[in-house]
Number of protein chains: 2
Amino acid sequence: MQATTQSLIESGQVTDPESPRGRLLAQAAHLFKTKGYERTTVRDLAAAVGIQSGSIFHHFRTKEDILFAIMAETIHTITARMKAAVEAAHSPRDKVRALIRCELESIHGETSEAMTVLVYEWRSLSEARQAEILKMRDEYEQLWLGTLESARQSGQLDVNVPVLRRFLTGALSWTVFWYKPGGDMSLDDLADQALKLAIK
Amino acid sequence: MQATTQSLIESGQVTDPESPRGRLLAQAAHLFKTKGYERTTVRDLAAAVGIQSGSIFHHFRTKEDILFAIMAETIHTITARMKAAVEAAHSPRDKVRALIRCELESIHGETSEAMTVLVYEWRSLSEARQAEILKMRDEYEQLWLGTLESARQSGQLDVNVPVLRRFLTGALSWTVFWYKPGGDMSLDDLADQALKLAIK
DNA sequence: TTACAAACCAAGCGCTTGCTTGGTATCGTT
DNA sequence: AACGATACCAAGCAAGCGCTTGGTTTGTAA
């Protein structure tokens, strides 16, 4: 586990994955990703964790609360990770590569399943909670937009920055459905290919 | 309506949108896109068309059959359209632009809702039917890959072609969640921005 | 005018869903 | 030893789900 993740657990923003609640969230992320939120029943989830379906509601008030918790915790995790990655890089080009590499890491690393749920189960939340999540994502998106804008001003890009970010959101998220880590192509190779989309 | 669409109707590959079955498919595409397949009930769909829920099953054997029909018909439509678009363009660069422009047209034109369902409700099908759809998509994907490969050989691209196609699949599909036709940016502008991702 | 198929209704069946309830086992702390 | 908090079970309820059934209306063509 990363040091950043550890401090998020201690600050209470992220649930310890060893705790009963944490195991529930992990299994829920797995099921929501593979079967989809609606097709996953509380009985499926309970069986995966090894408890009765009713016992789930000792930890969460509703099934939607579970989805919301997955999303909220994932945002905290990836934002902290992204901040560190962008700060560690220096040239505009390196910073852009760090954005891409870090997002791919979130999509294919240990947060993989939760990340997929965050992106593709969006519509399963009530509108009010969609708005909450959108607000939480803001800091993360500002990291992207600010970094891309600096790269543009230094002459590395000649495209519309918000449009580029949205293209990259789609392109990188979609990799979860076709890219398999551990094959011929490493995550670094993939990041290099993606960097070519953005920078000439 | 396009001439291509007309001939598809006459050949029986696509349902006439004026027929009861066609209206059902159109409303289903609308609901499946906005609410998602699982969250749309046969009662919702029946109410949208103005019939009783049981009457749906005079036209389709199961709810899944409706989803499958939407996807299959959409593939026929967009493949015919794409063939025509690629043939009409001549230089490698124009052909790549035609691919992008035509896919954006499918995503934001009259097939918009069905197209979104095709891309994002994939997992709602049984595995057997996922395989059927995959096979139907093959011709469409070969159009993409063949054209991109020609562009690469003529020196317009210097990336891995299958990877580029997948990045573009994600980037272009995702536009459905943020791009609104009729605003500042035209579909042609959007296509130009997307072309910059592929070609330096 | 009759015949027939396509399109639809009214009613409801069997099952699954998210969630509730009332009670119990297992802890560390006092 | 007693306590309260945490984590859980066993049973089941009310609502909603996809789909079926038997019968009726509507359009079309002989």
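**Exercise 1. Is A:E73 buried or exposed, and what is its relative accessibility?**

Ground rules come before the solution. This is a predicted model, where local features need pLDDT of at least 70, side-chain atom pairs count only at pLDDT 80 or more, and totals for chains, interfaces and linings use all residues. Residues are numbered from 1 along each chain as its sequence is written, chains are lettered from A and ligands numbered from 1 in the order in which they are written, and side-chain values use heavy atoms, with hydrogens and water left out.

Step 1. Set the cut-offs: buried means under 20% relative accessible area, exposed over 50%, and partly exposed in between (1.4 Å probe, protein chains only).
Step 2. A:E73 has 13% relative accessibility, so A:E73 counts as buried.

**Exercise 2. Describe the salt bridge between B:R39 and A:E38.**

Step 1. The N to O distance is 2.8 Å.
Step 2. This pair crosses between chains. B:R39 is in the loop between α2 (20-35) and α3 (42-49) of chain B, and A:E38 is in the loop between α2 and α3 (42-49) of chain A.
Step 3. B:R39 is partly exposed at 23%. A:E38 is partly exposed at 30%.

**Exercise 3. Locate the contacts to DNA strand D.**

Step 1. Count a residue as near if one of its heavy atoms lies within 4 Å of the strand. There are 17 such residues, and the closest are A:Q52, A:S55, B:T41, B:V42 and B:K63.
Step 2. Look at individual phosphate oxygens. A backbone N or O atom of A:Q52 lies 2.6 Å from one. A polar side-chain atom of A:S55 lies 2.9 Å from a phosphate oxygen. For B:K63, a polar backbone atom is 2.6 Å from a phosphate oxygen.

Methods: A polar contact is a pair of N or O atoms within 3.5 Å; within protein, one must be able to donate a hydrogen and the other to accept it, and residues adjacent in sequence count only if both atoms are side-chain atoms. A salt bridge is a side-chain nitrogen of Lys or Arg within 4 Å of a carboxyl oxygen of Asp or Glu. Helices (H or I, at least four residues) and strands (E, at least two) are DSSP runs, numbered from the N terminus.
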